[in-house]
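Hi,

Here is the structure I promised to pass on. Please have a look at it first, and then read my notes below.

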Amino acid sequence: MIQDLAPETESDDTPRKIMAYINEHYGDSSLSVTSAAEAFSMSSSYFSTYFKKHLDVTFSKYLEGLRIEKACELIRNSDLNIEAIAAEVGYTNSLSFRRAFKKVMGMPPSSYR
């Protein structure tokens, strides 16, 4: 493809930087499209479009999946209770966490353990 032959530019690194930022901040319950967009000096709407275009998933789906993935690790490798795990991965209440976990994993977190 012609696009593959184009010289790399500094902006080509942006998707990787965005992923690194989200992976570093996923446990912060205030992480949102708006806060991530601000971190990259983008408007929320541009950031959302950019994220979807370059990463082929919406920001919210990616963040939810990452948080549940990290929660699964904690469930398998720690003795933390579900409420503590929910807080650790960025959920403000355990009910939201339990709903998201069941949606993604097909079972409640207590059954996963």
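**What I found**

Starting from the N terminus, the elements of the protein chain run α-α-α-α-α-α-α-α. That comes to eight helices and zero strands. Please keep in mind that this is a predicted model.

On the overall picture, the C-alpha trace spans about 50 × 30 × 20 Å along its principal axes. The protein chain has 113 residues, and 29% of them are buried. If you take the contacts between residues at least 6 apart in sequence, 54% of these join residues at least 24 apart.

**Helix α2**

Let me begin with α2, which covers residues 14-25. With 12 residues at 1.5 Å a residue, α2 should span 16 Å, and this agrees with its end C-alpha atoms, which are 16 Å apart.

Which residues of α2 are buried? They are Thr14, Pro15, Ile18 and Ile22. Viewed down the helix axis, the buried residues of α2 fall within an arc of 100 degrees, so they line one face of the helix. On the face of α2 turned away from the buried side you will find the exposed residues Arg16 and Glu24.

As for partners, the buried residues of α2 pack against α4 (44-55) and α5. Setting aside neighbours within four places in sequence, Thr14 is in contact with Met42 and Tyr50.

**Helices α5 and α7**

The other place to look is where α5 (residues 59-77) packs with α7 (residues 94-105). Their axes are 10 Å apart, at an angle of about 95 degrees. An angle from 65 to 115 degrees counts as roughly perpendicular, and α5 and α7 are therefore roughly perpendicular to each other.

Which residues make this contact? From α5 come Lys61, Glu64, Ile68, Ala71, Cys72 and Ile75. From α7 come Phe97, Ala100, Phe101, Lys103, Val104 and Met105. Sorted by class, the contact of α5 with α7 has nine nonpolar residues, three charged ones and no polar ones.

Happy to go through any of this with you.

Best wishes

Definitions and conventions:
Residues numbered from 1 in each chain as written. Predicted model: local features only at pLDDT ≥ 70, side-chain atom pairs only at ≥ 80, totals over all residues. Heavy atoms only, no water. Axes fitted to C-alpha atoms, helices over the stretch in contact; angles between N-to-C directions. Helix = DSSP H or I, 4+ residues; strand = E, 2+ residues; numbered from the N terminus. Parallel < 35°, antiparallel > 145°, perpendicular 65-115°, else oblique. Contact = heavy atoms within 4.5 Å. Nonpolar A, V, L, I, M, F, W, Y, C, P; charged D, E, K, R; others polar. Expected span 1.5 Å × (residues − 1). Buried < 20%, exposed > 50% of the residue type's maximum accessible area, 1.4 Å probe, protein only. Arc of directions from axis to C-beta.
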